[in-house]
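Hi,

Here is the structure I promised to pass on. Have a look at it first, and then read on for what turned up in it.

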Amino acid sequence: MSVLNTAQRNAVAELLRVSPVADELGRRFGAAGHELHLVGGSVRDALLGRLGDDLDFCTDARPEQTLEVVRGWADAIWETGREFGTIGLQKDGLRLEITTFRAEAYDGVTRNPVVEYGTSLLDDLERRDFTINAMAVSLPGHVFTDPYGGLEDLAAKVIRTPAPPAQSFGDDPLRMLRAARFASKLQFIVDEAVISAMRDMAPDLQRITAERIRDEFTKLMTGADPIAGLRLLVDTGLGDYFIPEVAGLKLEIDEHAQHKDVYEHTLIVVQNAIRLEGDEGPDFVLRMAALMHDVGKPATKAVGRDGRVSFHHHEVVGARLTRQRMKAMKYPKDVTSDVVELVGLHLRFYGYGRGEWTDSAVRRYVTDAGPLLSRLHKLTRSDVTTRNKRKAANLAADYDALEDRIARLAAEEDLARVRPDLDGNAIMELLGVPPGPVVGQAWRFLKELRLDRGPLTRDEAEAELFKWARDNGHLSS
């Protein structure tokens, strides 16, 4: 360990040496009679070789004193976190947050932290969430402080709390969810004592606002290994308090009878989706759709006379449950709509390989998916988890054929922008009607016709419009 410690400490010193902003800031605080330390995630990331442009500092200076030090030096200053002891600033392209030593706790009733300023660096480090985030480097002296063995835990890839877990989680119950998030992000193992406290104290998560839970869960889902984080949520019972549908899958047997249950199938689908993301990076919408795609199964499970299990219309029920859950977690409407749409569409492909799909069906598939088509391709492929290699190969070949067919039709018809062959102005001119419901009805009729038959000539479109108008009483002859 000593060689590793020395190498990592030298790495921190080198990173700070080539970051003159940090040392310059430290000298300014020192000249004003205050301490300044690089702290928390910034030290952890520096040790991992991934220090970014956002740096966290702590100091004995109060917010008003910090402002005096950085005014005239910082390129920009913001005080949105001042009530929590934090002053934010920008300098030479870096975002810096400077927080007064503090002791943060919950009173057990309200959902917001009660902030009290601390008096020392050691007190400040003790109140931090995990040992790997409870290390500091002084500025400009570069003295390394690690009172709780964070460096060893970082090397061992383990997540522990500086204080006893029950005390740490009592101060801020969100830390339980954060443990699962770090298991996902860093691919670390959570210490057994921490897991035990998470199980015992899971109900305390109800003290935390939906927004804070949502933000941690999103980070968990977009981490390097969300499966590890999701298993922790289910195994400790934390997930029961904000996304119970996932644990609800655990005992539902998958209809293919190739997996222990739908829960295990779902985790495989999430992992498959991650592999298909490509270079675009973590795609929360795709991952969330993969997680929620089968949540309608428990409510739709039925056993036939032959003993076969079915889940008819589980995609419809699942889409509704997904919307309700994401609304409760305060996700933006556009993000929710995208996930819900994918859950609702994830079964549409099945049946294509039996030769049932016409060009019209392909057009509708593309049109209904809209801008989500690429994600729908990935979700549908991810949902194939059968261990039967021949069946998996056949499904993959069928979907390859569908994508080829989509590409052919897209080249011929511009499927990405399917519109009626006549626009609203043409409809009003031909029928002699003003703007209103009739125009909308005619437009929708022509769009359906376009989906069924493909592009029409101008003469064909006009003839169909006149026929529709006569049949519906909008044209006298």
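To start with the chain as a whole: of the contacts between residues at least 6 apart in sequence, 64% join residues that are at least 24 apart. Please keep in mind that this is a predicted model. The protein chain holds 23 helices and 13 strands, and 49% of its 477 residues are buried.

The largest nonpolar core has 103 residues, and the members that touch the most others are Phe57, Phe217 and Leu291. If you click on Leu291 and set aside residues up to four places away in sequence, you will find that Leu291 touches Phe217, Met221, Leu230, Ile243, Val246, Leu249, Thr266 and Val270. Another core, of 14 residues, lies apart from the largest one, and its members include Leu422, Leu431, Ala461 and Ala469.

Buried or exposed, then, for Ala461? Its relative accessibility is 0%, and because buried means under 20%, Ala461 counts as buried. Leu446 is 15 residues away from Ala461 in sequence, and their C-alpha atoms are 7.6 Å apart in space.

Helix α9 (residues 192–201) meets helix α11 (residues 226–236) at an angle of about 50°, and their axes are 9 Å apart. The two helices are therefore oblique to each other. On the α9 side the contact is made by Ile195, Met198 and Arg199, and on the α11 side by Leu232, Asp235 and Thr236. Sorted by class, that contact has 3 nonpolar, 1 polar and 2 charged residues.

With 16% relative accessibility, Arg128 counts as buried, because the limit is under 20%. The side chain of Arg128 makes a polar contact of 2.9 Å with the side chain of Asp124. Leaving aside neighbours within four places in sequence, Arg128 is in contact with Val39, Gly40, Cys58, Asn133, Ala134, Pro162, Ser168 and Arg175. Arg102 is 26 residues from Arg128 along the chain, and the C-alpha atoms of the two are separated by 9.7 Å.

Happy to go through any of this with you.

Best wishes

Key: Residues are numbered from 1 along each chain as its sequence is written. This is a predicted model: local features need pLDDT of at least 70, side-chain atom pairs count only at pLDDT 80 or more; totals for chains, interfaces and linings use all residues. Side-chain values use heavy atoms; hydrogens and water are left out. Buried means under 20% relative accessible area, exposed over 50%, partly exposed in between (1.4 Å probe, protein chains only). Contact means heavy atoms within 4.5 Å. A polar contact is a pair of N or O atoms within 3.5 Å; within protein, one must be able to donate a hydrogen and the other to accept it, and residues adjacent in sequence count only if both atoms are side-chain atoms. Axes are lines fitted to C-alpha atoms, for helices over the stretch in contact, and angles run from 0 to 180 degrees between N-to-C directions. Helices (H or I, at least four residues) and strands (E, at least two) are DSSP runs, numbered from the N terminus. Angles under 35 degrees count as roughly parallel, over 145 as roughly antiparallel, 65 to 115 as roughly perpendicular and the rest as oblique. Ala, Val, Leu, Ile, Met, Phe, Trp, Tyr, Cys and Pro count as nonpolar, Asp, Glu, Lys and Arg as charged, and the others, Gly among them, as polar. A nonpolar core is a set of buried Ala, Val, Leu, Ile, Met, Phe, Trp, Tyr and Cys residues joined through side-chain atoms within 4.5 Å.
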